[in-house]
Amino acid sequence: STVVANGYSGAYGGLAGANVNYVTKSGSNAFHGNAIYWWNGDILNANNYFRNQANGLAGSQVDPRPFVNANQFAGSIGGPLKKDKAFFFFDVEGLQLAIPSPQSLSVPTPAFQSAVIGNLNTLGLSASVPFYNTIFGLYNRVSQAGAKQEGGGGCNDATLVNGIAFGAINPCAVSVNAALSAHTHDRLYVGKYDMNIGHNDKLFMRVEKEHGLQATYTDGIDPAFNVISDQPQWQSQIGETHIFGADKVNDFKASVLWYSAGFAMQSQAAAAAALSIPGTATGSMTFALGDGSLSALNADNTVIPQGRNITQYQFVDDFSWVRGRNNFKVGINFHRDDISDQNFLYVTPLVVPLSLGNFATGGTGGTQPSLIQQNFPSRTEVPIALYQVGFYGADDVRVTRDLKLTLSLRLDHLSNPVCQINCFQRLAPGAFG
């Protein structure tokens with residue numbers, strides 16, 4: 001590959017900066033190949049600094065080195081199909097990972113939990129107790145061994161609950177470390193065909209398939225709240241280079257790409273079962289305190305599902321003519337993107353007591369009331385399309401042996417995004433005064 005440091009050439013549109021040109025491997029008249037394997041595991045890695053710190057405070061291995069297992073492999077082979085005429089190349093690559101995600105979490109202390117449940121019963125809110133027990137049960141999944149003190153005992157405005165004083169000496173919440181692992185994997189398959197059609201024509205075709213499952217978010221409290229992303233991709237290119245005599249060359253390339261990057265809960269059913277109101281048909285939800293005094297439960301579900309499907313096709317043609325001190329170039333390119341936008345927030349309801357004191361009183365007290373937020377979109381997928389057309393003409397003039405001037409003119413047209421279902425609004429002139 002080469003890095004084009006001068007991005008002001010007429011052949012390159014967009015922002016002026018580094019452009020990267022890369023040429024993929026091809027077969028030759030001799031067979032050649034390679035194979036590699038790489039592994040890394042927890043026995044080769046040190047423990048996280050903060051987990052070691054917690055071990056020192058507790059005087060024992062309360063936060064041991066988390067499990068990690070990384071495997072990466074690749075292999076390729078290339079060679080002739082017909083000597084001096086046709087060649088093939090094939091490559092496969094993959095990785096398999098189990099990676100921990102160390103997190104610092106704020107969880108309620110057993111004393112605070114007991115006081116809150118007692119307070120609900122005192123206030124006549126016993127119907128809320130099963131839901132609170134569900135919330136506390138999730139927080140109690142995280143061991144509080146080696147817990148660290150938080151400022152003010154992590155109490156914010158909840159200093160008196162059910163007649164019990166809370167603060168630095170009797171904390172409401174403590175900070176603990178968690179490091180659960182999640183699995184992710186990816187596979188890449190590439191095939192390429194090269195052909196010398198004649199002395200003046202060369203052709204190549206390339207096909208690539210990739211499919212991976214990304215562990216997007218690993219929850220430190222319950223794996224039911226993990227987020228994953230299934231990401232398949234296909235792409236293909238075809239290119240032809242034609243030489244006209246000794247001083248003219250035309251290069252044509254066409255490509256098409258499709259990929260999907262959708263983000264979803266690892267199991268929406270498991271998330272709903274883990275955090276729901278007992279005795280009801282409530283679906284999955286997210287619980288978070290507005291003042292951040294406790295770590296959120298099912299934290300990313302409010303931004304799930306989201307993602308996109310993209311289809312892109314592109315045509316590029318460049319013609320070059322060397323004449324004396326001049327190298328004349330002209331070219332045209334066109335590319336179009338069809339994007340299926342799936343970004344819709346708060347389809348899953350978000351339950352937000354705005355303070356710890358509000359939470360401790362079942363939403364009836366504290367500085368502000370509770371909030372429940374949910375959106376109801378009419379569609380969960382919106383098709384968007386846009387394209388770009390560019391044309392350029394250039395002349396690289398070698399003035400002297402040590403001086404070359406580049407003269408270029410480029411014209412680009414970038415379309416406005418278009419919604420295929422007429423979902424964009426057209427505001428009337430003067431609508432904002």
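This is a predicted model: local features need pLDDT of at least 70, side-chain atom pairs count only at pLDDT 80 or more; totals for chains, interfaces and linings use all residues.
The chain has 433 residues, and 37% of them are buried. Its secondary structure consists of 5 helices and 22 strands.

**The chain as a whole**

- Take the contacts between residues at least 6 apart in sequence: 68% of these join residues that are at least 24 apart.
- The chain has an accessible surface of about 23,700 Å².
- Carbon and sulfur atoms account for 59% of that accessible surface.

**The largest nonpolar core**

- This core is made of 44 residues.
- Several elements each supply at least two core residues, and among them are the helices α2 (110–122), α3 (129–139), α4 (268–274) and α5 (356–360).
- Strands take part as well: β6 (103–108), β10 (173–178) and β14 (248–265) also give at least two residues each.
- Helix α3 provides the largest share of the core, with 7 residues.

**A nonpolar patch on the surface**

- Now turn to the outside, where Val330, Ile332, Phe391, Leu409 and Leu411 form a nonpolar patch.
- Together, these five residues have about 480 Å² of accessible area.
- Two strands, β17 (326–341) and β21 (403–414), are the elements that give two or more residues to the patch.
- Phe391, another member of the patch, lies in strand β20, which covers residues 382–400.

**The disulfide**

- The structure holds 1 disulfide, and it joins Cys155 to Cys172 with an S to S distance of 2.3 Å.
- Cys155 is found in the loop between β7 (148–149) and β8 (160–161), while Cys172 is in the loop between β9 (164–165) and β10, so the bond ties together parts that are 17 residues apart in sequence.
- The torsion about the S-S bond of Cys155 and Cys172 is about 105 degrees, which means that this disulfide is right-handed.
- Are the two cysteines, Cys155 and Cys172, buried or exposed? Both Cys155 and Cys172 are buried.

Notes:
Residues are numbered from 1 along each chain as its sequence is written. Side-chain values use heavy atoms; hydrogens and water are left out. A nonpolar core is a set of buried Ala, Val, Leu, Ile, Met, Phe, Trp, Tyr and Cys residues joined through side-chain atoms within 4.5 Å. Buried means under 20% relative accessible area, exposed over 50%, partly exposed in between (1.4 Å probe, protein chains only). Helices (H or I, at least four residues) and strands (E, at least two) are DSSP runs, numbered from the N terminus. Patches are made of residues with over 30% relative accessible area and no salt bridge: like charges are joined within 9 Å, nonpolar side chains (Val, Leu, Ile, Met, Phe, Trp, Tyr) within 5 Å. Accessible areas come from the Shrake-Rupley method with a 1.4 Å probe; for residues, only the protein chains shown count as cover. A salt bridge is a side-chain nitrogen of Lys or Arg within 4 Å of a carboxyl oxygen of Asp or Glu. A disulfide is a pair of cysteine sulfur atoms within 2.5 Å. Contact means heavy atoms within 4.5 Å.
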